[in-house]
Amino acid sequence: MIDYVAPLRDMQFILTELAGLDAVAALPGCEEATPDLVAAILDEAGKFAAGVLAPINRQGDLQGCRLEADGSVTTPDGWQAAYDRFRESGWIGLSAPVEYGGQGLPRLVSTPVWEMWFATNMAFTMLPQLNVSQAEALQIAASEEQKATWLGKVVSGEWGSTMNLTEPQAGSDLAATRARAEPAGDGSYRVFGQKIFISYGEHGLTPNIVHLVLARLPDAPAGVKGLSLFIVPKYLLDAAGNPRARNDVKCIAIEHKMGIHGSPTCTMSYGDAGGAVGWLVGEANRGLETMFIMMNEARFGVGVQGVGLAERAYQAALGYARERVQGRNALTGEAGQPIIRHPDVKRMVLSMRARVMAMRALLYTAAGWFDIAHHHPDAAEAERCRRYVDLLMPVAKGWCTEIGNEVCDDAIQVFGGMGFVEESGIAQFFRDARIITIYEGTTGIQANDLVGRKILREDGATLRELLVDIRRTTAQLAEDAALVSIGVDLATHAENLESALDWVLANGKDNLADVLAGAVPFLHLLGTVCGGWQLARAALAAQRRLAAGEGDAAYLASLIELARFYMAGIAPRALAHAETVREAGGPVSRFAESAF
Ligand SMILES: Cc1cc2nc3c(=O)[nH]c(=O)nc-3n(C[C@H](O)[C@H](O)[C@H](O)COP(=O)(O)OP(=O)(O)OC[C@H]3O[C@@H](n4cnc5c(N)ncnc54)[C@H](O)[C@@H]3O)c2cc1C
């Protein structure tokens, strides 16, 4: 397997030229993010990814996890040492507030860092990612006393974290949740029920695990408005705050699955021996709102998993395509050609690179908006960026995971037969990637959220605002003779997007089933156009730097070509997606279920 090399040049270009690192670093509370510090952090994270996480990725896949007879779960060799180093280096708290022991760096800085870790070892990185998401939820909803007890240990990674939503009958639909919690009369609760598919629900990597559990109080209303959130630790704490007595929660099974073997996926049983002790977080019956904070954090992170895995697969495919010799040159007839000289293989590898860069640029740009939304002193600007983040969160999750899968699939094709056999290692990325379109809300659920809550509910207002920004970019492209064709293509795809938006808005009330049948194509459409928009912005920035005689001219020119390729080779999918949105819903609705 080709070694992972952190794509620092691409990351730096996107951070500075597209995602507005300078502007983010000028925000109150983000001043630490100086260019030198950011470069040093990325450099260190890249070394950690390549030197510590990548080397144990394969053995994690081969060994997997084991549920022992005593109910403990064993993780792969190397996990403990890597986790200890990860935690001691302070990586978990990179973007957590300083007051809770974090480093307070902007999301824009932590995003590329997490990308490198997901790229090199996704199964491992899910563990600290859960801490980051849980810390976000506790910051917002936990009481001061709860924060003092739990939050610091979660931010430092001293204790592990989990999120417990899923039950056998409650997957996408959390309204069906049955786990229950009863007040114990002393301010605590007793939690009962079973949760399935809980990532890192049990392990021995940390001396305690903080479970966040969705459950119903006795008098709770039906549906999602009757869900409350509870902290349920694996070990109850003694007077000094140290883990002591085992709580009434245990792992009763772990899943055998197609990928992420190093991440234990646990069935958790709460309250078999009288009730698991827990404490209510935030208000009763508003648990889902808090859980959504955690899930939104995690959803963005899963989008980053998409680009990380895709980058790793792209690097492997490129390396293999340069080394593997097969066939004759189609033009010269010369034998002994590396397969990258075959136009079809070259197209596949270029297409992988274009999609990786489009996803990365979209995610980092969204991370920059997230920071502005949280820190900008001008309320209107902060609000505008909050709207953009809200709109694009399902795209960051849904599109980047779908495309991440596609890229991993293409990598197998580039490897040919060697891609199908496990020995080459490329199959692991494909298998690991398959979960990302499913957990944290399937692509279907993301698409419903996009079309329902983010578009129909506000009559498409934010998307129209975004379209204005996209057209501002097309106008800039039109002013430069060298880039005008990119601008024309982007304008065409923006029109496809707008026409699909108009159709969705016109049919949202009377033909909702037709609209929802096209929700996933709509998500793809928006992702495809936004990805193209970002690469077009990259072309503009590259051209500016070329004109100023700054930077590596060959690299900058390649970014312009990359945008051209995306417009010709990837973005035309927008037309098909728009057509599917408008035309496929009717046949889907009319097709009789009995006719299958
Ligand atoms: C490896 C792994 C790790 C996981 N980690 C965790 C964890 O840490 N914590 C946790 O709580 N859960 C976790 N999960 C659970 C995961 O979040 C769920 O599997 C996921 O939300 C989908 O739920 P489901 O499996 O019940 O599928 P279902 O909800 O049954 O969905 C099946 C299909 O129906 C579609 N569908 C369902 N409802 C709708 C709808 N309304 N509109 C359109 N389409 C719909 C879905 O898109 C999907 O295609 C994990 C799962 C796995 C496999």
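Trainee: In which helix is Thr-401 found?

Mentor: Keep in mind as we go that this is a predicted model. Thr-401 is found in helix H10. Thr-401 counts as buried because its relative accessibility is 0%, and the cut-off for buried is under 20%. As for what is packed against it, leave aside the neighbours within four places in sequence: Thr-401 is then in contact with Val-302, Gly-303, Ile-436 and Thr-437.

The buried residues of H13 are Thr-443, Gln-446, Ala-447, Asp-449, Leu-450, Val-451, Lys-454 and Ile-455.

The largest share, three residues, comes from S5. By type, the shell divides into nine nonpolar residues, eight polar ones and one charged one. There are 18 residues around the ligand, and Met-163, Thr-166, Ser-172, Phe-197 and Thr-442 come nearest.

Now for some individual atoms. In Met-163, a backbone N or O atom lies 2.8 Å from a nitrogen atom of the ligand. The side chain of Ser-172 has an N or O atom 2.6 Å from an oxygen atom of the ligand. Ser-199 also uses its side chain: an N or O atom there is 2.9 Å from a nitrogen atom of the ligand. Taken alone, the ligand exposes 970 Å², and the protein buries 62% of that.

Strand S4 (residues 180–183) pairs with S5 in the antiparallel sense over four bridges, and Arg-180 has Phe-192 in S5 as its bridge partner. The two strands form a hairpin with five residues between them, and in the turn Gly-185 has a positive phi of about 90°.

S5 also pairs with S11, again in the antiparallel sense, over five bridges. Here Lys-195 stands opposite Met-268 in S11. Strand S10 (residues 249–254) pairs with S11 too, antiparallel and over five bridges, and the bridge partner of Cys-251 is that Met-268 in S11.

S11 itself (residues 265–270) is mostly covered, with six of its six residues buried. In a regular strand the side chains alternate between the two faces of the sheet. In S11, Thr-265, Thr-267 and Ser-269 point one way, while Cys-266, Met-268 and Tyr-270 point the other way, and all are buried.

One last stop is Tyr-4, in the segment before helix H1 (8–18). Tyr-4 has 5% relative accessibility, so it counts as buried. Its neighbours beyond four places in sequence that are in contact with it are Ala-49, Ala-50, Met-116, Ala-119, Thr-120, Glu-311, Arg-312 and Gln-315. Tyr-4 and Gln-315 are 311 residues apart in sequence, yet their C-alpha atoms are 7.2 Å apart in space.

Notes: Residues are numbered from 1 along each chain as its sequence is written. This is a predicted model: local features need pLDDT of at least 70, side-chain atom pairs count only at pLDDT 80 or more; totals for chains, interfaces and linings use all residues. Side-chain values use heavy atoms; hydrogens and water are left out. A residue is near a molecule or strand if one of its heavy atoms lies within 4 Å of it. A polar contact is a pair of N or O atoms within 3.5 Å; within protein, one must be able to donate a hydrogen and the other to accept it, and residues adjacent in sequence count only if both atoms are side-chain atoms. Accessible areas come from the Shrake-Rupley method with a 1.4 Å probe; for residues, only the protein chains shown count as cover. Ala, Val, Leu, Ile, Met, Phe, Trp, Tyr, Cys and Pro count as nonpolar, Asp, Glu, Lys and Arg as charged, and the others, Gly among them, as polar. Buried means under 20% relative accessible area, exposed over 50%, partly exposed in between (1.4 Å probe, protein chains only). Two strands pair if DSSP finds at least two bridges between them. Contact means heavy atoms within 4.5 Å.
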